[in-house]
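Subject: Structure handover

Hi,

My notes on what turned up follow below it.

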Amino acid sequence: MSPTAWKRVLWQRQPYPDNYIPADSFLASLRRNPNFTPYTYWPLVLSCCSITQHLGTIFIFIAVFVRLQKRSLDARVLLWISVACFLVGYLVWEVLDYSAPSRGPLTRFKALKSSLLFFLTLMGLAPVLRTLTAATSSDSIWALSACQFLLNALLADYGCANSGSQSQERLSSVLSMNAAISSSVVLASRLPDDLSVFSLVLFAVHLFALFPMLRHRFGAVPPILQVTLTVSISALSFALTMSLSPFVTALTFGIYVTVNVVAPAILVWAQRYKNEIRGPWDVAVPRVNGDAIVFDKRPGVYNTLSGT
């Protein structure tokens, strides 16, 4: 009498243990890296542009703060630059959002009213912010600001939304913005007059609150425009830091090279060592689809209940 053929089912009684696998088929279904998508170098470089843009805004802000503290930059000039950047950014936003039918005159009026209200509120709080850290030493302020800017860079959302998609703020991006604004406020409290404090905090809101929202939508623009913006921000940060400190300029250049050139090359080189093994020993992964439970049938994932 021939032995009973083994089947991959648990609901049928068989003369085999539950963990039995035929010797000739144990490694036949083994798969290596079934869901692996290899990276290429230049798309990774393009993806790193958002990181360079964000780091560039941090260096630009620090350079502007140093110039305000040394009185080599007029606060009124910075105020007009902030207003001009806001108008240009709002125009770019409207161009990117031109195809969205949900925005109308009422939405634009609310945005204008909110901007004006924030402008007046910040102007009234400038004297309070100037004396916020009067009893704190400058060394503590520098260390606190450095830690908060580092937290801002680590938690920032560097993703890009596709055209027509609705973006939602992540908790990490909100924490990143709060860290940057807090660092800007404590730095502004070391400035000598109220106008400088108001101008710097307003400039910080544009860089760390409004610009990340605009940058998140750059996934819908051609890559050449994103590269142009990245080069422009990097060049501006170089120009502002070069006259302040050669060490900071060299550090900025090293960070840009590491982020945009070295890091993508390391990732492309390291992906050859990826070795993920899938086989019949993997547990089936249920996916809830409405009221029904569907078992994942991707390559390398096996359903031990239905035998597929």
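Which residues form a nonpolar patch on the surface? They are F253, V257, V261, V262, I266, W269 and Y273, with about 670 Å² of accessible area together. F253 sits in helix α9, residues 246-270. (Patches are made of residues with over 30% relative accessible area and no salt bridge, joining like charges within 9 Å and nonpolar side chains of Val, Leu, Ile, Met, Phe, Trp or Tyr within 5 Å; areas come from Shrake-Rupley with a 1.4 Å probe, and for residues only the protein chains shown count as cover. Helices are DSSP runs of H or I with at least four residues, strands are E runs with at least two, and both are numbered from the N terminus.)

Before you go further: this is a predicted model, where local features need pLDDT of at least 70, side-chain atom pairs count only at pLDDT 80 or more, and totals for chains, interfaces and linings use all residues. Residues are numbered from 1 along each chain as its sequence is written, and side-chain values use heavy atoms, with hydrogens and water left out.

Now the largest pocket. About 1600 Å³ of space lies in it, and 47 residues line it, with C85, F86, G89, H206 and L210 nearest its centre. Two or more lining residues come from each of α2 (49-69), α3 (75-96), α4 (105-130), α7 (194-215) and α8 (223-242). The biggest share is from α3, at 14 residues. (A pocket is an open set of points on a 1 Å grid over the protein atoms alone where a 1.4 Å probe fits, with protein on both sides within 12 Å along at least five of seven lines; lining residues have an atom within 4 Å of a point. Points are joined across faces, edges and corners, and the volume is the space filled by probe spheres set on them.)

On to the salt bridges (a Lys or Arg side-chain nitrogen within 4 Å of an Asp or Glu carboxyl oxygen): there are two. One pairs D194 with R130 at 2.5 Å, N to O. D194 is in helix α7 and R130 in helix α4, so this pair ties together parts 64 residues apart in sequence. The other joins D74 and R76 at 3.0 Å, N to O. Here D74 is partly exposed at 32% relative accessible area, while R76 is exposed at 53%. (Buried is under 20%, exposed over 50%, partly exposed in between, with a 1.4 Å probe and protein chains only.)

Cheers
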